[in-house]
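Hello,

I am handing over the structure we talked about, so please have a look at it below.

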Amino acid sequence: MEPKERSIDKASQEMLKHMADAGIENAWERLEQQQPQCGFGKLGICCRNCSMGPCRVDPFGEGPQTGICGADADTIAARNMLRMIAAGAAAHSDHGRDIAHTFKMVVESESCDYMIKDENKLKAVATRYGINTKGRSIKEIAKDLSDVVMNEFGRQDGALATAAAYAPKTRQKLWNQLGVTPRSIDREVVEIMHTTHMGVGSDYKNLIKQGVRCSLADGWGGSLIATELSDILFGSPQPIRFGANLGVLDKKKVNIIVHGHEPTLSDIVVAVSQESELLKFAKEKGADGINIAGICCTANEILMRHGIPVAGNFLQQELAIMTGAVDVMLVDVQCIMPALSSLCSCFHTKLITTSPKCKIVGAEHIEFREDKAVQIARQIIKTAIENFTNRKSEIKIPKITERGIAGFTTENIYYALGGSFRRSYRPLNDAIISGRLRGAAGVVGCNNPKQMHDYCHIEMIKELIKNDVLVVSTGCGAMAAGKAGLMRPEAAEKYCGQGLREICETLGIPPVLHVGSCVDNSRILTILANIVAEGGLGDDISDLPVAGAAPEWMSEKAVSIGMYFVASGVFTVVGEPLPVLGAEKLTKYLTDEIEKELGGKWAFEKDPVKAARLMIKHIEAKRDALGINTKKDRKLYDMEERRALAI
Ligand code: BF8
Ligand code: SF4
């Protein structure tokens, strides 16, 4: 396959060609080697949950229709999906737990390498949980907040305080009626493992109920805690300029790529990297300075808060090493391909793992400890500087960097969308009610070599903004949009319908708002809750003219995210279908019937433009139901029509 067929990103194409010339394999080739991929796995109808199996159900209705224990396709596929949700929720929530431990350390110690950077956010979050903030010291408030959030993980009674503190009341009532209110974060993950054990749950609807409960413990629990505490500890993001793509690597500087998800180490690495002693050491070794760049969601965390450039998204991790300019690839957890290890051995690049949860054969392990954060960050940077002199291969950095604005949050969207004097969601709601904005969409998630890299994100987003749908984005999707220039305010003129264009131009914002990493999908939940609370667009998230999508998803975290959006009332489209298609009743339930219960449902559509149209159709149907779809006062022209008019 030609590089052009694998990625729409020019820098990636260049590196793919370089890789082919060098005869080094990558994820795209390994996908080809896997063909044909197992049909039973794709359809979700194989089970190895006990040693009577593995069992599989014949999708053509000729062979066995149940496993040895009698589990049918719907049971098996539902159990498999639940285990994906458990893994996804666990990954997000364990990230949240680590941040909560760092927060606790700050609260309890007299001096440590972290501090409370955003006291206003601390007070706002504490108030949410009913903690008294009047006349109390920051330490006292933080101590109470630390106790509350710590208790969320292993709580043995009652329900999740975070969901109760943040979700709209009507939504909470519905969850209570349906019996899906999350109880505690760890408990919901454990209960999935129990209910999917051989010989426990087999009613697919009841199984999905537990999947819903667990995903809610992720979105309105673990992920939300990760976001809120990160803002408190590392500072709330503000709109900030950034550069994106492999061109941000600098031949003359020591290049350290931080890759993974958690901000605890990377935030300190960023701070320490500008210490004069380290800069002096870098000079001694012949480097012009120290350049930090990011890949995957670690990148998003430090981009949002410090404007640190993004080297690339998920499918660019191998391509970055191919530049020969990466002195250290520093990884924490999640989305790190084990393939990096052998690839780094072809170059001088040192792969350094830092988490006891994520060790990789062949990598150097420098274990990160929050209580020695600065010391360890210095050690890692020194290792990178020393390695600068070991560069051996020709350096090939594509000269491609795009610019944009990131750093939008639930709180600062007030300003971004309302102007500096109107601290409210009113302007946003009014824009939707008037029809200048048709609605909003979240386009989030991964890359997957099964789809052309970045293509689905970009085509979907273009179709949405052309039709006056404001897009918010996180994760690798946000990076795709940034690299494609869709996070420049000027993108509005080029790609947007008239209504959205006018709004972007008046406010100076891009039509795609970067709201952070994948745990920051919780920001999208709280934005939706704020729109509901502002009024005029119904009583619940399920009334809003909004939709969600993960057009290039691959990770189990995406399944948990999709499920909690559906369970929060959002129509959610994924590109690659969930592995449930071999289970007819389950598929119908997830893509249709579940909407009657939760107000949201799943859809599977690989074609990004068709998927965007499904979202727009849904948004228009919600507008109809709200009674705000009065006659459009102006026609919206797409690019082709505009060009035709100009002739
Ligand atoms: O958590 S979008 S490939 S990097 S899983 Fe991974 Fe997917 Fe990227 Fe962030 Ni999210
Ligand atoms: Fe087979 Fe049932 Fe065991 Fe699964 S749990 S492997 S379907 S016997």
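First, some ground rules. This is a predicted model, in which local features need pLDDT of at least 70 and side-chain atom pairs count only at pLDDT 80 or more, while totals for chains, interfaces and linings use all residues. Residues are numbered from 1 along each chain as its sequence is written, chains are lettered from A and ligands numbered from 1 in the order in which they are written, and side-chain values use heavy atoms, without hydrogens and water.

Let me start with the open spaces. On a 1 Å grid over the protein atoms alone, a pocket is an open set of points with protein on both sides within 12 Å along at least five of seven lines, a cavity is a set where a 1.4 Å probe fits but cannot get out, and lining residues have an atom within 4 Å of a point. A volume is the space filled by probe spheres set on the points, which are joined across faces, edges and corners.

The largest pocket has a volume of about 880 Å³. Its lining counts 36 residues, with Met84, Trp553, Met554, Ser555 and Glu556 nearest the centre. Helix H5 contributes the most to this lining, eight residues (helices are DSSP runs of H or I with at least four residues, strands runs of E with at least two, numbered from the N terminus).

The second largest pocket holds about 480 Å³. Among its 24 lining residues, Lys121, Ala124, Glu411, Tyr414 and Arg423 lie nearest the centre, and helix H6 gives the most, with five residues.

Of the 29 residues lining the largest cavity, Gly442, Ile524, Ala547, Gly548 and Phe565 are the closest to its centre.

What surrounds ligand 2? The residues around ligand 2 (a heavy atom within 4 Å) include Cys47, Cys50, Cys55, Cys69, Arg48 and Arg79.

Finally, helices H14 (residues 296–306) and H21 (residues 475–483) pack at an angle of about 65°, their axes 9 Å apart (axes are lines fitted to C-alpha atoms over the stretch in contact, and angles run from 0 to 180 degrees between N-to-C directions). H14 and H21 are therefore roughly perpendicular, a word that covers 65 to 115 degrees.

Enjoy exploring!

Notes: Parallel < 35°, antiparallel > 145°, perpendicular 65-115°, else oblique.
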